[in-house]
Amino acid sequence: MNFKKMISTLLILAMVLAFAPNTSFADAKTTKTTVTPGVGDGNLTYQSDVTREMTKASYWAKKQKNADKVLMTEKQIRAKNQKIMGDPATNMHDLKNMSLNYTTTAADRRDKLAESTYNDIKERIGTREEIYRSGAALDKTAIDKWFNEIKKNISDADVSKLKNKQYAICTKRGDLWMAPNADPVGWSATDPDDEFVNSSINVNEPFIVDMITADGKFYHGSSNNCDGWVEADHFAIVDDKDTWLAQWDLKSDQALVVTTSHITLEKSILDPATSGVDLMLGTVLPLIPRDQMPDTIAERGTWYNHVVWLPTRDKDGKFVRTPALISSHHGVSIGYLPLTKKNILKVAFSCLGDRYGWGGMLHAMDCSMYTRSIYRCFGLELPRNTTWQKDMPTYKVDLSKMTDGKKKKAISKLPAGALLMFSGHITMYIGQVGKKHYVISDVGSASETVECVGNDVSVKSIYCVSVNSLDVRRRSGNTWLTEMLVGLVPWKD
């Protein structure tokens, strides 16, 4: 090095040192970032047992043996789905093979449905003297009047043209209720849960309609995991079975699967039917073959986009296949994702922080819909609610009679992606750090109170997808670990 270059290098080094923080070279090599449990970047907060690293799927994947190993082939998944649907305890429906014929007349079906719906909502309300409809209080007289109006909307239905059930496809993500009613029903003016919601249905999910209300605003029927009432304008009627199956009964290489929290399609003036459509985690859409792809879609070219057939409605409520674009940067997969522990964790963590929605209301998910939606990304169909998931035919570990110590040992042997369930809540096991076991779930509330006196537990509202240890507590004062009843592995027999 010549003299001028040496002087220049020394000057640059002197300037760097002058403006560097007051840290020695030895310190610079050994100083590590301190991570405070429960505190994230900026103003993010976590459960107190959680650190920033623990909020990443990669952190937990590294703890798993053979994280990239395929746990089930597509053929095995299809066989497992048939086994799950064939078990009466799961309350699932094999729509593909369901008959459209009524077992009685349509009129008889209507009358029985009107009576059973009325009885169901009366039983749901129980002995309550007051409920809230869209935030407004109803006393017993108003409740009875409203419930009789609901019953009449069913019993007055004109079934003269409804000779058989009908095939349908969901065109807008919507709720499925126990009664033909879209008004939120709660126990208080600020109740965040709609007590009439049973489930929700994603865009392009199949449905079989067996009744239409007198005002034409609601369909009753079956999804593959639940019966109930849906808003008619969220569904399109399909005239024949082949067209219906071609839209949703897809081979893996024909399908585009939403593998992230949700995708909202771009707004469009030219194509209002596809404008702003919400595609939730686990939504599956048919890809348009290259030789059938249009050059432009609502003025847009197809570059850097996946081109899919989106189900839409015409003015008569009939099914229309409409081309739509999904930007390539979104979390999607051509075909179902390979079922690996690493992929399960990646999908689960894509929803971290998303709000909770009872039954799937508010375009959100509750605990069992969350676990169901995760596994739908792999083509595996789980039942709808916690009890039905607990009862599905799969590998189980009974934790109900174990001590906390034995539960810890049993849970330690489970793989990431296993489901852990206690009464009213289901979670996904993600791994162990030290002596603590961790789960991710869509949770409503929990308590971090370490010591409890009686039932004096400080429970906080969470209402989002969260990572936490099993040391958090329920209102009873018991930890989640103590309350755990069963562990199950969806992909194992």
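Q: Ala, Val, Leu, Ile, Met, Phe, Trp, Tyr, Cys and Pro count as nonpolar, Asp, Glu, Lys and Arg as charged, and the others, Gly among them, as polar. How do the residues of the lining of the second largest cavity divide by class?
A: On a 1 Å grid over the protein atoms alone, a cavity is a set of points where a 1.4 Å probe fits but cannot get out, and lining residues have an atom within 4 Å of a point. Here the second largest cavity is lined by Lys408, Lys435, Lys436, His437, Leu470, Asp471 and Leu481. Sorted by class, that lining holds two nonpolar, one polar and four charged residues.

Q: How is the chain numbered, and what pLDDT do local features need in this predicted model?
A: Residues are numbered from 1 along each chain as its sequence is written, and side-chain values use heavy atoms, without hydrogens and water. In this predicted model, totals for chains, interfaces and linings use all residues, side-chain atom pairs count only at pLDDT 80 or more, and local features need a pLDDT of at least 70.

Q: What share of the residues of the chain count as buried?
A: The C-alpha trace of the chain spans about 100 × 70 × 45 Å along its principal axes. Buried means under 20% relative accessible area (1.4 Å probe, protein chains only). Of the 493 residues of the chain, the share that counts as buried is 49%.

Q: How many helices and strands does the secondary structure of the chain come to?
A: Helices (H or I, at least four residues) and strands (E, at least two) are DSSP runs, numbered from the N terminus. One of the helices is helix 4, at residues 74-85, and one of the strands is strand 6, at 197-201. For the chain, the count comes to 12 helices and 25 strands.

Q: What volume does the largest cavity have?
A: There are two cavities of 30 Å³ or more. A volume is the space filled by probe spheres set on grid points, which are joined across faces, edges and corners. The second largest cavity has a volume of about 40 Å³, whereas the largest cavity has about 80 Å³.

Q: Which element gives the largest share of the lining of the largest cavity?
A: Arg173, Ser199, Ser200, Asn202, Glu205, Asn225, Met369, Arg372, Ser373, Arg376 and Arg384 line the largest cavity. Two elements give two or more residues to this lining, strand 6 (197-201) and helix 9 (367-376). By class, the lining has one nonpolar, five polar and five charged residues. The largest share, four residues, comes from helix 9.

Q: Which residues lie closest to the centre of the largest pocket?
A: A pocket is an open set of grid points with protein on both sides within 12 Å along at least five of seven lines. The largest pocket holds about 1,000 Å³ of space. The elements giving two or more residues to its lining are strand 6, helix 9, helix 10 (386-390), strand 23 (436-447) and strand 24 (459-469). Of the 37 lining residues, the closest to the centre are Tyr356, Trp358, Asp366, Cys367 and Gly424.

Q: Which element gives the most to the lining of the second largest pocket?
A: The second largest pocket holds about 800 Å³ of space. Of the 29 residues that line the second largest pocket, the closest to its centre are Asn81, Trp248, Asp249, Leu250 and Tyr336. The lining has 10 nonpolar, 10 polar and nine charged residues. The element that gives the most, with six residues, is helix 4.

Q: In the largest nonpolar core, which residues touch the most other members?
A: A nonpolar core is a set of buried Ala, Val, Leu, Ile, Met, Phe, Trp, Tyr and Cys residues joined through side-chain atoms within 4.5 Å. The largest core has 66 residues; apart from it lies another core, of 27 residues, among them Tyr118, Trp146, Ile150 and Phe196. In the largest core, the members that touch the most others are Ile374, Tyr375, Phe378, Leu420 and Ile440.

Q: How many residues apart are Trp60 and Tyr438?
A: Trp60 is buried, with a relative accessible area of 0%, and Tyr438 is buried at 2%. Ring pairs also link Tyr59 with these two into a cluster. The pair links distant parts of the chain, Trp60 in helix 3 (residues 57-61) and Tyr438 in strand 23, and their separation in residues is 378.

Conventions: Buried < 20%, exposed > 50% of the residue type's maximum accessible area, 1.4 Å probe, protein only. Phe/Tyr/Trp six-rings, centres within 6.5 Å; stacked < 30°, edge-to-face > 60°.
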